[in-house]
Amino acid sequence: MAPAPLLVAFSALLLACAGTAAGAKCPITIAQLYVGNKAGDPPLDADCDYDDIQPAIDAVAAGNCPVIVNITREHTYTSHHLNIAGGPPITLLGWGDGVTCQSLKNFCPISGCAQTSTQPEITISASNTAGSTLSISGSSIVSLRNLTITAGMTLAGGSGGGISFDGAGMLNLTATTVSYNYAGYGGGINIKGTGGNATLNLYENTLILSNTAEQSGGGVRLEGSANLVANAAQTLIAFNNALSDYGGGVEVLGPARADIGSGGYGGLGVIFSNDASYGGGIAVFASGNGFFTEPGVVNLFTTDPENPVRIQENVASIAGGAIYGKGHVDQENNQNEALLCASQFRIDENAAPDGAAVYVDWDSSLLNPDVGGRLLLNRGACGGGGVRCAADVPCNLIDHNSTKDTLGQPSSGALILIGSDSTFQADHVAMRSNTAGRLVNIVGGSYTNYRDVGLLRNCLLAGNGTSQDLLDLAAEVFTIDGCTIAGNTIGGSWVFPSLDTLTNSLIFQPGTAVGSAMTLATTKYVLSSDISHLPADVTIQQLFDPKFNDAAGGDYHLQRTSPAIDFAGGIGGDDLDYLPRDVDLPSTANKFGPRDVGAYERQSACGATDTLFCDGFEAD
């Protein structure tokens, strides 16, 4: 049966129409070419324009108007090394079983036809012969739809096993799989922006799977003026490997950047089960050439409230299970940072000996200060974007990650490692059920650039297990504000040995010491199971029973009779649930003001855990 007509205009192609050399304009309809069994074994299809794909590409390059190259399954496409070198916009469009050049021409000659499946229909294979399956150069706008690009293989020093794009323009993938390709760099796709910006757009039902880089960038590698945009539903970068170095799923070399907002595929995180030595999921670097440096940027955000952007089950054999970032400085003191931003996100089930969730590394240069990176969680700075997660969806969560070696044995590394002269700021973040040497380890450094500034605000640290102190916050300035720290199994002597500022927080870790060398000027409104090392002040009180809703069940919201209710002075803002702070409960006498200390503000006097007479008058 012939495909049904589809009201798809391929708007990007229409917008890109250009005048011919003689000044004539492109036609309003998009030109169509047809590839199939024009020659070879019968039955032949006289309606096919070409018997293979490359001649059709060459014909497009000879013109000036956008063209769709329709590729049928009238025969297979193996040992292919396709080349697109500039020219007008081109779409390679694959069709499924039963579709012929004849049926396409007869039933949908102008605007294209409906696809019978969302999965790729046409396989273009290099058959593991030397060279990229598809090479793109010059200034090009290339779209792939309903294709599988596979079995490309470059030499160990080569790049882009499946697709190599070296130039400017755009590569759009829709319902396309790039799988089982191999290269030295960028096993699946290598995008190098030269002579202008090069953008890789991953649209719906696009999969980058099981590609291998001998060095770095197993799935996708970005360098130069390149940008990865992966915001569509049903997008997956998974099971890719960087055998020696960096970025199992994605590697970003500044000034390149990655903007990732997809909710993933079939319940899996968009960056899923990749592996490398550093940055199992993602690796990002600032870069320089001796004259200047440029940041590398990774911006994670959510586009579907029900499916947050998620970095899941990635593994690094050395550092940075989910994400690894590193700054750059040279002998001339040209310096820049790696920027890692995430908002409305989830990082879970990743593993590495150190930095199971995130490892922010630093670069050093003789006589110059160290330069690291910035890890900003719900703190902006990388361009933002996205929407807030739905209230009942696990979000802003770093959970079930573990530090372990390649043999699966626990290691002493941190869940989050922040290197010398780096910044870590997190707001509205929960760290739960992780296993590590420490949850956060800030190495500290020269401080010359004043980057060692840290913040945990509106945070919950609960149900984690550490073999050492829970936190080692050796930053020049670090603040914990509006946080709940409870229910962790701590192998060291301290929740944290020292801290610059602790305010509006609840700490319930009986038997474990809290802080030292802290001053009254920066420690206010604290309830803690241990106050022996905290300043003596009426706003700092020992906590014997926080009265959580259900700590055993993981619910650290406050009961109506909790001593943390209406404990602190009102300062506005919202809590970890994005609900208003400073809710003054009429049935509870204020201690120092209307604000609850800890991660959560109780919103009303009544709730599911209270009695039937919750009106403020029953006896407590």
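Me: What does the side chain of Q344 reach?
Reply: The side chain of Q344 reaches the backbone nitrogen of C389 at 3.0 Å. A polar contact is a pair of N or O atoms within 3.5 Å; within protein, one must be able to donate a hydrogen and the other to accept it, and residues adjacent in sequence count only if both atoms are side-chain atoms.

Me: Before going on, what are the ground rules?
Reply: This is a predicted model, in which local features need pLDDT of at least 70 and side-chain atom pairs count only at pLDDT 80 or more, while totals for chains, interfaces and linings use all residues. Residues are numbered from 1 along each chain as its sequence is written, and side-chain values use heavy atoms, with hydrogens and water left out.

Me: Where is Q344 found?
Reply: Q344 is in the loop between strand 30 (338-342) and strand 31 (345-348). Strands (E, at least two residues) and helices (H or I, at least four) are DSSP runs, numbered from the N terminus.

Me: Is Q344 buried or exposed?
Reply: Q344 counts as buried because its relative accessibility is 8%. Buried means under 20% relative accessible area, exposed over 50%, and partly exposed in between (1.4 Å probe, protein chains only).

Me: Which residues is Q344 in contact with?
Reply: Leaving aside neighbours within four places in sequence, the contacts of Q344 include T302, P308, N378, C395 and Y578. Contact means heavy atoms within 4.5 Å.

Me: And F345, where does that lie?
Reply: F345 lies in strand 31 and is buried, with a relative accessible area of 1%. Beyond four places in sequence, F345 is in contact with residues including V309, N378, C395 and V429. From C-alpha to C-alpha, F345 and N378 are 8.9 Å apart in space, and they are 33 residues apart in sequence.

Me: New topic: how many helices and strands does the protein chain have?
Reply: The protein chain has three helices and 53 strands. Of its 620 residues, 57% count as buried. Among contacts between residues at least 6 apart in sequence, 74% join residues at least 24 apart.

Me: Which residues touch the most other members of the largest nonpolar core?
Reply: F424 and F496 do, in a core of 98 residues. A nonpolar core is a set of buried Ala, Val, Leu, Ile, Met, Phe, Trp, Tyr and Cys residues joined through side-chain atoms within 4.5 Å. A second, separate core of 22 residues includes L506, L558, I565 and Y600.
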